[in-house]
Amino acid sequence: MPAPATEHDIVTVPKVELHLHFGGSIAEATAATLARRHGQDPDRVLRLRDGRYPAPYADFRGFLRTFLAANQFIRTPDDLELVARELARTQAAQNVIYSETIFTAMIYVRNGMDAASMWAALGRGLQAAGSGIRIGILVDSIRDFGSPEADATVALVEAAGPEIPIVGLGLTGIEGTMPVADFVPYAYAARRLGLGLEVHAGEMGPPSGVAESLDILHADRIGHGVSAIQDPALVERYVRDKVVLDVCPSSNVAIGEYPSLDQHPMRAFWDAGVSFNISSDDPPFFGVTLTDELRNVVRVLGLSRGDLAELQRRGARAAFQPQAVRDELVARIDAWEAAG
Ligand SMILES: [Zn+2]
């Protein structure tokens, strides 16, 4: 049996993260700075405990309250650029070579930003990543707001200039609040614009929501998909149809879906051969980083250096990028593995 991946392996592996919410990347100190900038007492409005967000949460809505409390202070292009810069630097510092950030543009439009200034600020901030890392933007619509919000999101995407690296559309929010079929035009828009489609499903909702996302929306990737553990036929389908899941274990535990990482379905998925990649979702809000999350997964699954590389290759192959870019990412991971 190959030796387990070492701490050095976990830190140095070229990482691919496909599921990181922009609005979920705001560090506590930055949220506090932004709250003060807009005349509010951060401890009160952000419910900080010892300067930290209050993870674990009683449930998803508890997390959402804190997420929205922080995001209400991204009101100006300067606010947004600050958060984008920190996201880019944090990813680069973890040896991330490719990252997709899920950007809920409508939050910031509702906060009063005009679309052109929003996109420009996002583009400026992400440049802080430097040259060794590529960041794609996956613009999501919150399903709770229904298809009008989805239409407005598509309009914002169409208004963004070619210099903004939008690679996909996302559907997020609370499963079951709106029928999946309402978002068929949204899924068509992704195809028409040449973008990938990532649908959050099977996070808190039932396995049937995942099946609908695949059958009705033809999602390219499923965000979470973990509730399939209740439906062996769906797990079989994951393997047979090579369905790609963006799995975020600490996120699932922090909102109370599973009592611990050891009881998370990743173990069963790994053993069954499900093609999942590992992401941190909303890292400061859950008290983890991507590196922490990989450390957790190495421990729980007993991964070797080769397994760790394979996990990153799976992410690279599922990136919403042209084949040449995906090949280049895989080659960088291969080179790292071969050098060990
Ligand atoms: Zn997510």
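## Burial and the model

A residue counts as buried under 20% relative accessible area, as exposed over 50% and as partly exposed in between, using a 1.4 Å probe and protein chains only. Tyr108, at 0% relative accessibility, is therefore buried.

This is a predicted model, in which local features need pLDDT of at least 70 and side-chain atom pairs count only at pLDDT 80 or more, while totals for chains, interfaces and linings use all residues. Residues are numbered from 1 along each chain as its sequence is written, and side-chain values use heavy atoms, with hydrogens and water left out.

## Aromatic pairs

Rings of Phe, Tyr and Trp (its six-membered ring) pair if their centres lie within 6.5 Å, and planes under 30 degrees apart count as stacked, over 60 as edge-to-face and the rest as tilted. By this rule there are 14 aromatic pairs. Phe63 and Phe285 form an edge-to-face pair, because their planes stand at 85° with the ring centres 6.0 Å apart. This pair links distant parts of the chain, 222 residues apart, with Phe63 in helix H4 (residues 60-71) and Phe285 in helix H14 (residues 283-286); helices are DSSP runs of H or I, at least four residues, numbered from the N terminus. Phe63 is buried at 4% relative accessibility, and Phe285 is buried at 0%.

Phe103 and Tyr108 form a tilted pair, 5.4 Å centre to centre with 35° between the planes, and Phe103 is buried at 0% relative accessibility.

## Ser304

Ser304 lies in the loop between helix H15 (290-301) and helix H16 (305-317), and its 6% relative accessibility makes it buried.

Notes. Helix = DSSP H or I, 4+ residues; strand = E, 2+ residues; numbered from the N terminus.
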